[in-house]
Amino acid sequence: MSAITGTGPLTVEPVEPVIKPGRRRNRMLQLPKSTKIRVGLGLALFFTLLAIIGPYLAPFNPNTSLTTNSGLPHPPSIHNLLGTTQVQQDVLSQLLAGGRSTILVSLISGIVATALAVLFGVMAGYYGGWLDDLLSMLANIFLVLPALPLLIVIFGFLSKSTSPNDVLIGLVISITGWAFGARVLRAQTLSMRNRDYVVSAKIIGERGWRIMMFEILPNLVPIVATSFLFTVIYGVGAYTALSFLGVISVSHWSWGTMLYWAQSAQAAQQVHIEWWWFLPPGLAVGLFGTALALLNFGIDEFINPRLRAAGLSRRALRRAGLPPRVQLGLTPVLRAPEGRPSA
Amino acid sequence: MRLIARRLVLYLLTAIVAITVNFFIPRLMPGNPVEVAIGHIEGQVTPATIKALDLQYGINTKLGLIGQYFHYLDQLVHGNLGISFSSYPATVTSVIRSALPWTLGLVGIATILSFVAGTLLGIAAAWRRGSWLDNLLPAMTFFQAAPYFFVAILIVAVFATKLGWFPQNSGYDTTTLDPGLNWPFLSSLLDHAVLPALTIVVGSIAGWIIGMRNMMLTTMDEDYVLIAAAKGLSNRRVISYAARNAILPSVSGFSLAIGFVVSGSLLTEIVFSYPGIGYILLQAIGSEDYPLLQGIFLIITFAVLGANLIADFTYSFLDPRTRQEA
C-alpha cells in the first residue's frame, strides 16, 4: 500500500498494515475524532439534559406575572437573568419550561418517522414489484405535498377540540416527515438485495423479515442515523413554526410560542429592540438544529471521505511542505504531519 | 419525455391526494366548523349561506359521503373554495387572488437568487476545498437550522429597526401611494421587498451550497475533468466541465427544496406583515377561518406542483439522457 499524491516531492512512506486482534472493536467504541461530531454530540446531549431537568430549574412559573405595575418588558437584570415579557413573565423560566416540549415533540416525530422510513424503505427495496411501486409512489406524493400547510389544516381542526399533547403533536408531524428517509433507504436496500450474503441467506431459507433485520439493516445504520437526525431537525422546525403561527395553543409553552408572543408584541420593531425576548428561544432552536446538522455532516464525512476538508486545509498542506493547489483526479491520501493525527 | 410523463402522473396523483385529504380532514376531526363560522359572522348569515356551509362540511345534509365528495369536486372545478369567515362575505378565491401575486413575486425572485448564488458559492467551495468557505459552512448551517421567521426577526431588528435602512413592514408605502405602474410605487415596492427576500436567501442558501459542493467534489474526481486539466485548458473551462455535470442533482433536488422555501416564506411574510399568502394565513388561523385555511393549502399545493414541473422540464433540457430513453 502506498500513499498516492498527485504531484510534489513528498516522500512516500509505506504504511504498515497493522491489524492487531481485538483492536478494531476498541476503535468502534472510541469517540470519532471529527470535531463536527464532537461539537454536535456535546450540544445535542446538553439540550437533551435541558429537556429533562430544565422545568425543575426554572426560577419562576412561566405563566405568572411577577408584577402588574409595568406594561413594558424589562431587560435582563439580577432578578430575571433573561429579562421579562410584556406582562412581566420571566423569559428564562419560559425558555427552560418550553425546551422540554420542543425537544420531546421533535424526538418523538424523529423516532416515529424514522421507524416508518425504515419499514417502508427496506420493504420496498427488498420485495420490489408492486409493493415497491406502491410505497415509492406514496413516498413521492408525501415528498411533493407541501408539509407545513397540510399540518396547519390538520392542527387547525384538531386543536379546537383537544388540548395540546406533545405525543400526539409528534405523531402528526411524523406523518409528513418519513418520506425522504424511506426513499434513501429504499435505494440503498435495492443495491444490497442481490449481494452474495443476502442471496445465500435466501438460499438457506431465512425468512424475509429476518434477512431484512439481520442482513440488510445493520448495513444501513449510518443512513438510518442521518435520516433520524434529518427528521428531528424537521420536527423542531415544523413544531416551532406551528406554535409560532398559533395553530397549537399559545398557552402551551414551547420555544415557538415564546416567539409567537414576542412577534405579536412586535419585540423586534420597538424603538428599543427587546432582544432578550426573541433571541433566547430562536438561538435555542437554531443551536439544537445546528448540533444535529453537524452530527449529520460528521456521519456523511465518515461514510464518504471525499467530503472531508480537514487534513487537506491550506494550513495543513503548507505544514506538510506542499504548495496549496487544486487537487484533481484521485482523492489524495496524505500522511498527516508527525504528531498531528488528521482529524 | 418519459420522465416528464411519469412526473405528470405523480403530480396528478398528488393533487388528487391533496384534494381528497382536504375533503376528509374536517369530517374526521371532532367539532362542528359551521357553528364556529356562525359565531364569527353572526347577524349577517343568510339561511342560504348556512346551507352552503353545511354542505361544504357535511353537516345536517341528506347527501351521502360520495355525493358530498362529488359536490365538493364540482365546486372546486368551478373555482369555488367557499366563503371566507373572516372577511365575510368575500369568497376564499377572491381573498387568495389578491394575496397570491405578492407571494409568487417574492418567493420566485428570492429562490432564483438563492439558487444561483448558492450554486456558484458551492462550486467555489469545492474548487478551493479547505479554504475559508469551508469554515463558513457551520455558520451557514445555523441560519438554515434556525427557523426562517427567527432569521426574519433578526433581520428586522438589525436592518430595519436599528439601522433604519429599509422599512419594517408591509409590501409598499400604503399611507401615501396607490398601486400602479409608476416610479414611486415601484421603488417603494422594491424597497419593501429587499429584507423579506434577503431572509429567504439567507435561510435557504446553505442547502444549495452544501449540495453543490459535495456533488462537485465527486465530479472533480472524474477522468474527463482530469483530462481537461491535463490538456492545459484554463481553470475556467475545467470548472465548467465539472460544474455542468455536478449541477444536475441540484436541479432535481429543487422539487424537495421548493416546499420548504414556500413554507419558510409564508412565515417570513408574517414577520414583515407582507401582504401575501402568509399574512392571510395568519389571519385565517387567528379567526378560525377554515375555508380560507383549506383554500390556502390547495393553492400552495398546486403552486408547488407547478414549480416542480418547471424544474422537471429544466432537468430534461439539461440532461439529454432523460430524453433518449425509449
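## The model

This is a predicted model, in which local features need pLDDT of at least 70, side-chain atom pairs count only at pLDDT 80 or more, and totals for chains, interfaces and linings use all residues. Residues are numbered from 1 along each chain as its sequence is written, while chains are lettered from A and ligands numbered from 1 in the order in which they are written.

## Chain A

Chain A has twelve helices and zero strands. Helices (H or I, at least four residues) and strands (E, at least two) are DSSP runs, numbered from the N terminus. Along the sequence, the pattern of chain A reads α-α-α-α-α-α-α-α-α-α-α-α.

Of the 343 residues in chain A, 44% are buried. A residue is buried if 20 or more other C-beta atoms lie within 10 Å of its own, exposed if 12 or fewer, and partly exposed in between, with C-beta atoms placed from the backbone. Among the contacts in chain A with a separation of 6 or more, 74% join residues 24 or more positions apart. Two residues are in contact if their C-beta atoms, placed from the backbone, lie within 7 Å.

## Helices α3(A) and α11(A)

Helix α3 (residues 91-127) of chain A packs against helix α11 (residues 275-303) of chain A at an angle of about 25°, and their axes are 10 Å apart. Axes are lines fitted to C-alpha atoms, for helices over the stretch in contact, and angles run from 0 to 180 degrees between N-to-C directions. The two helices, α3(A) and α11(A), are therefore roughly parallel to each other (angles under 35 degrees count as roughly parallel, over 145 as roughly antiparallel, 65 to 115 as roughly perpendicular and the rest as oblique).

On the α3(A) side, the contact is made by Val91(A), Leu95(A), Gly98(A) and Gly99(A); on the α11(A) side, by Trp276(A), Trp277(A), Pro280(A), Pro281(A) and Ala284(A).

## The side of chain A that touches chain B

In all, 52 residues of chain A are in contact with 58 residues of chain B. The largest share of this side of chain A, twelve residues, comes from α5(A).

## Ser273(B)

Ser273(B) lies in the loop between α10 (235-272) and α11 (277-286) of chain B. Its phi is near 50°, a positive value in a residue other than glycine.
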